[in-house]
Amino acid sequence: LPGHVTLENILEERYSRNMLALLSTTLIISALSGGVLNVSFPVIVRHFDASATASSWLLLGAMLTSTSLIIMFGRLADMFGRVPIFLSGLVLMTVTSVLAGLAPSIAFLTVVRMIQAAGTAMLLAVMAAMLTVSTPADKLSKSMGIYMSALASASLAGPPLGAVLADTLGWRWLFWFQAPFGLICLIWALRTLRPMPTVGERGRLDVPGVLL
């Protein structure tokens, strides 16, 4: 190979591109899980004849869970590694997508959505860090821009996609459509991810801080 270009450089660049594609795809799927629900929310409320309180918790429960757990999963990733947290998040997101579509009641759907939000929190807590570690410094800004563009695209695509799914296939497909993509990303991740070292000393989890 000419000059400073080596087989190792080529393999590292290929791994970096593969990681960017995997993480961006996972981000799109996790972001769509909330976006498709917002515009089609009335369809689910009417199906279950849900009260105002139960309806509000379907949305707020997931947001509260995801927001409150991100810091905790970030700390757990420092303690036990980012890859296990990422894979666990993918598994949770995929399994709960199937369960949510099978929901027999609004209460069951709310609980499953909160568990799914925990999986989303796992993913959000580690994906940016994983992208940083796997990307050469001179390409990090570009890769991060693509990664954030994936989030913006999912935010825009969620509402119209949710409306189409609810109007054609039914509200249960608002959740079921995520399952095959989640499974693909899980297999992709298992074939792609390299071990990543933990950060600093293992230490302890600040349980009072997490609760607060």
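Predicted model: local features only at pLDDT ≥ 70, side-chain atom pairs only at ≥ 80, totals over all residues.
A residue counts as exposed when its relative accessible area is over 50%, as buried when that area is under 20%, and as partly exposed in between.

Helix H7 covers residues 178–192. On one side of H7, Ile 184 and Arg 191 are exposed. The buried residues of H7 are Gln 178, Ala 179, Gly 182, Cys 185, Leu 186, Ala 189 and Thr 192. Viewed down the axis of H7, these buried residues fall within an arc of 160°, so they line one face of the helix. The length of H7 can be checked as well: at 1.5 Å a residue, its 15 residues should span 21 Å, and the C-alpha atoms at its ends are 21 Å apart, which agrees.

One of the buried residues of H7, Ala 189, is also a contact of Phe 86. Phe 86 belongs to helix H3, and its relative accessibility is 0%, so it counts as buried. Apart from neighbours within four places in sequence, Phe 86 touches Leu 22, Leu 23, Thr 26, Leu 123, Val 126, Met 127, Met 130, Ala 189 and Leu 193. A further distance relates Phe 86 to Gly 119: the two are 33 residues apart along the chain, and their C-alpha atoms are separated by 8.7 Å.

Helix H3, residues 82–101, packs against helix H2, residues 52–80. The axes of H2 and H3 are 7 Å apart and form an angle of about 130°, which makes H2 oblique to H3. On the H2 side, Phe 73, Leu 76, Ala 77 and Phe 80 take part in the contact, and they meet Arg 82, Pro 84 and Ile 85 of H3. Sorted by class, this contact of H2 with H3 has six nonpolar residues, one charged residue and no polar residues.

Ser 55 is also located in H2. Its relative accessibility is 6%, so Ser 55 counts as buried. When neighbours within four places in sequence are set aside, the contacts of Ser 55 are Phe 41, Val 45 and Ala 50.

With a relative accessible area of 36%, Thr 132 is partly exposed. Thr 132 is in contact with Leu 140 and Met 144, again leaving aside neighbours within four places in sequence. Between Thr 132 and Glu 12 there are 14 Å from C-alpha to C-alpha, and the two are 120 residues apart in sequence.

Notes:
Residues numbered from 1 in each chain as written. Heavy atoms only, no water. Axes fitted to C-alpha atoms, helices over the stretch in contact; angles between N-to-C directions. Helix = DSSP H or I, 4+ residues; strand = E, 2+ residues; numbered from the N terminus. Parallel < 35°, antiparallel > 145°, perpendicular 65-115°, else oblique. Contact = heavy atoms within 4.5 Å. Nonpolar A, V, L, I, M, F, W, Y, C, P; charged D, E, K, R; others polar. Expected span 1.5 Å × (residues − 1). Buried < 20%, exposed > 50% of the residue type's maximum accessible area, 1.4 Å probe, protein only. Arc of directions from axis to C-beta.
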